[in-house]
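Hi there,

Here is the structure I promised to pass on. My notes follow below it.

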Amino acid sequence: MGVPGPFPSFAGTPDGPVLGREEVDRALAKLAAEHEAIESSLLALQDHAGRRLLEGAELTGVTKDRWSTTEQAISLLWSYFDAYSEALARAREVRSRHRWPTQSELAELTELLCGTAITLPSSATLCGSPLLSEELSLDRLVDRMNRWYAEALDVIVSADAVWSALPARIDMLSAELHRTRSLAHSVGVRPGEHPSGDDLEQITAELTALRAEVVSDPLAFWKPASGSSAPGGGSPDTERYDRAARALEDVRREIEAVLDVRQDAERRLMRLRDVLSRADRTLAEARQARGEVLAKIAASEVPAVSGPPTALHEQLVAAADYRRRSQWHRLSPLLESLEQRADDELLRARESLTAVTAPLAVRAELRGRLDAYRAKVARHGMAEDPLLVERYDVARRMLWSAPCDLRAAEQAVLRYQQAAAEALVPRQSGPADEGIEGGSV
C-alpha cells in the first residue's frame with residue numbers, strides 16, 4: 001500500500017516581530033493544507049499492510065528492537081498531530097474573533113504560529129531528552145514528525161519487502177525439495193546411505209530454520225541501499241536462500257545421474273561383461289602363447305602372465321545384484337569405477353599378449369628374411385654355391401628347431417646375408433632387388 005511522503009514544513013516566519021493580517025491568513029491557509037497532508041500520511045501509515053503484520057507477529061532480534069521503538073514513534077506521531085491540530089484550532093479561533101484583528105490578537109497569533117507555544121510530553125526514549133515536557137514551535141514539531149515518520153516507514157516498508165519476497169520463495173523451494181526427496185527415496189538415496197540423502201536432510205533443516213527466522217526477524221535479512229536515505233531503500237538479503245537453492249540443484253543433478261544409471265544399467269552391465277570376457281580370452285591366449293614360446297624359444301626372457309581379474313568379476317556380480325535390488329545409488333558409482341577399470345584391464349591383457357609373443361614375432365621375421373635372401377640368390381643362379389648352401393642350412397636348422405636360440409639364429413642369418421651380398425656384388429642387376437638388401441633384427 002502506498003504511503004504519502006514526508007509532512008510539509010511550515011516556514012512562515014515573518015520579518016518583523018509581529019505578523020500582519022495578510023501574513024496570518026497566508027500562514028493559516030498553509031497550516032490547513034499541511035494538516036490535511038499530515039493526516040493523510042499518518043492514516044496511510046496506520047493502514048499499511050506491513051505495519052499490521054508487524055503488530056501481529058512474534059518478533060525477535062533486530063526487528064523486535066526496531067519495531068518496539070517504531071511503535072513508540074507512531075504513538076507519539078499521533079500525539080504530536082493532536083497537538084498540531086489543537087494549535088491550528090486555537091489560531092483559527094483567535095483569527096475568527098474579528099475581521100480586522102487587533103494588535104494583541106496579531107501578537108497572540110504570531111506566538112501561536114511562530115513561537116514555542118506547543119507543550120508536549122517528553123519523548124526521552126526516542127530523542128534522549130531528560131525533560132518531562134517540551135515546548136516546540138510548529139516548525140520543529142513538523143521537522144521531528146518528518147524524521148520519525150521516515151524512520152517508521154523505513155522499518156515497515158523494509159520488513160514488508162522481506163516478507164513479500166523471501167517466504168514465498170522459500171515455500172517454492174521447499175516444494176521442489178519435497179519432490180526431490182520423493183524422487184531420491186524412489187531410487188534409494190536416503191540419509192545415512194548416500195551423501196545426497198544427507199545433503200537433502202541438511203537443506204530441509206536449513207530451509208525450515210531460514211523461514212522461521214525470516215518470519216520472526218525480517219529486518220535481519222534486509223540490505224540497505226548504499227548512499228540511499230529514502231525509506232525502504234534497499235533489497236532483501238537472499239544469500240542463505242541462494243546457497244540452499246544451489247545445494248538442492250546439485251542434489252537434483254546427482255539424482256538425475258542415478259536415474260540415468262537405472263535406465264542404462266543393463267546396457268552398461270552387458271558391455272562390462274563383454275569387456276571382461278575379451279580381457280579373459282586375451283589373457284588365456286597370452287598364457288598359451290607363453291607356453292609355446294618357452295617350448296620353442298631358448299635363452300629368451302618371457303614375462304609372466306597374470307590370472308583373470310577376479311576382483312573385477314566379483315564387483316561385476318555385486319553390480320548385477322545392486323541392479324536386481326534396485327539399489328541405484330550404490331550401482332551408479334560402482335559402474336563408473338568398473339567401466340574405467342575394465343577398459344584398463346583389457347588394454348593390459350593386450351599388452352601382455354604382445355610382450356609374450358614378441359620372440360615368436362622375431363623368429364618369424366628372421367625366417368622371412370632368410371627365405372627372401374635365398375630366393376634372391378636363386379634368381380641369380382647361385383643357389384648351389386657351397387658356402388651359401390652351408391650357411392643357409394645352418395641358419396635354417398636354428399630357426400626351424402626347438403627350442404630356437406634367437407641370438408645364435410640371428411647371427412647365422414646375418415652371416416648368410418653377408419655371404420650372399422659378397423657373392424652377388426658383381427651380379428647386381430638393378431633396383432629390382434633393393435627391397436631385401438641389408439638390415440638386421
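How many helices and strands does the protein chain have? There are 13 helices and six strands, taken as DSSP runs (helices H or I, at least four residues; strands E, at least two) and numbered from the N terminus.

Before you dig in: this is a predicted model, where local features need pLDDT of at least 70 and side-chain atom pairs count only at pLDDT 80 or more, while totals for chains, interfaces and linings use all residues. Residues are numbered from 1 along each chain as its sequence is written, and side-chain values use heavy atoms, with hydrogens and water left out.

Of the 441 residues in the protein chain, 38% are buried (under 20% relative accessible area, 1.4 Å probe, protein chains only).

Helix α13 covers residues 406-424 and spans 26 Å from first C-alpha to last, close to the 27 Å expected at 1.5 Å a residue (1.5 Å times one less than the number of residues). Its buried residues include Leu-406, Val-413, Tyr-416 and Leu-424. The buried residues of α13 pack against β5, α11, α12 and β6. At the helix start, a side-chain oxygen of Asp-405 comes to within 3.2 Å of the backbone nitrogen of Arg-407.

Thr-63 sits in helix α3 (residues 61-95). Thr-63 counts as buried because its relative accessibility is 0%. Beyond its neighbours within four places in sequence, Thr-63 is in contact (heavy atoms within 4.5 Å) with Leu-54, Ser-216, Asp-217, Pro-218, Leu-219 and Ala-220. Thr-63 and Phe-221 lie 158 residues apart in sequence, with their C-alpha atoms 9.9 Å apart.

Best wishes

Notes: Buried means under 20% relative accessible area, exposed over 50%, partly exposed in between (1.4 Å probe, protein chains only). A polar contact is a pair of N or O atoms within 3.5 Å; within protein, one must be able to donate a hydrogen and the other to accept it, and residues adjacent in sequence count only if both atoms are side-chain atoms.
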